[in-house]
Amino acid sequence: MQFVGYDTDAPGLYVSDAAEADSNGDARSVEFVPLDPGAELAYTLGERRCAGVVTDEGHAPCENSTAPYCPQHRSTWVCAKCTGTCLKDEMDCVEPHAIYLAAFAPEAFKVGVTREWRLETRLREQGADRGALLAVVPDGRIAREREAEIAESIPDRVRVPTKRAGLHRDVDADAWNALLDEYGVDDADRFGFEYGLDLADRPVAETIATGVVRGVQGRLLVLDHAGSTYAVDLRDLVGYEATPEATTRDVQASLGAWG
């Protein structure tokens, strides 16, 4: 089997069964493995290569050694590069868009854009601890223009290592509230999120798929394994072949494992 994708909205992994194929011999069945708190994972990682592509028909595999995706299967969403000048043949983002701020503990803030109805979902997908609605505008072009202006003073991206480093901490409320006051954000447009991780210390960064699920925050899967707690970037699992048995590989232990 191979890990071929993940979901951060309803957290889970997509697993392709290499032993099964459809009548054409080129589409494999895909299983969704939920990452609910308390679930036990027991996979040993093997070789890593291109994860291919998942469609309504199933998983189309790829033997390319590039991971997690080879150039043929690496999709580029042009809207992510937009700053107000549409990169498509025809602009199709003609619905209300929200411009928002997101906070990641303890003090990493970013500006972003999403369709208005997806605001809270988008914040959870990114693993934001807090969020705030700045404005709603008629379409994506205007939203990207405003975002680009704000991004001159507030970053439009927070990297996964920064998010991982703050999983066990709280947002600096004074800094966050000062930022929102600066932009005149009403209390009704402020959001807080809980992921139930209950961490006292920073989890160890590792790429494993064995342990008891503590929770998922954005792309970060938090696992308890062998007396330590690990934070796994779900994207780092994509492309790995996996055997359904617990890993025996030695991994870095947290200080608490020796206490």
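In the predicted model, Thr114 is in contact with His97, Ala98, Tyr100, Leu119 and Arg122, when its neighbours within four places in sequence are left aside. Thr114 itself is found in strand β8, which spans residues 108-115, and with a relative accessibility of 7% this residue counts as buried, because the limit for that class is under 20% relative accessible area.

Aromatic rings were examined next, and a search of the whole structure finds three aromatic pairs. One of these is formed by Phe3 and Tyr43, whose rings are arranged edge-to-face, with 5.3 Å from centre to centre and 75° between the planes. Phe3 belongs to strand β1 (residues 2-7) and Tyr43 to strand β4 (residues 40-48), so this pair ties together parts that are 40 residues apart in sequence. Phe3 counts as buried, at 0% relative accessibility, and Tyr43 is likewise classed as buried, at 12%.

Another of the aromatic pairs consists of Tyr14 and Phe32, which are tilted, with centres 5.1 Å apart and an angle of 55° between the planes. Since Tyr14 lies in strand β2 (residues 12-16) and Phe32 in strand β3 (residues 30-34), the pair ties together parts that are 18 residues apart in sequence. Tyr14 is partly exposed, with a relative accessible area of 27%, and Phe32 also counts as partly exposed, at 34% relative accessibility.

An aromatic ring also takes part in an arrangement with a charged group: the charged end of Arg124 sits over the ring of Tyr195, at 5.7 Å from the centre of that ring.

Methods:
Residues are numbered from 1 along each chain as its sequence is written. This is a predicted model: local features need pLDDT of at least 70, side-chain atom pairs count only at pLDDT 80 or more; totals for chains, interfaces and linings use all residues. Side-chain values use heavy atoms; hydrogens and water are left out. Helices (H or I, at least four residues) and strands (E, at least two) are DSSP runs, numbered from the N terminus. Buried means under 20% relative accessible area, exposed over 50%, partly exposed in between (1.4 Å probe, protein chains only). Contact means heavy atoms within 4.5 Å. Rings of Phe, Tyr and Trp (its six-membered ring) pair if their centres lie within 6.5 Å; planes under 30 degrees apart count as stacked, over 60 as edge-to-face and the rest as tilted. A charge sits over a ring if NZ of Lys or CZ of Arg is within 6 Å of the ring centre and within 35 degrees of the ring normal.
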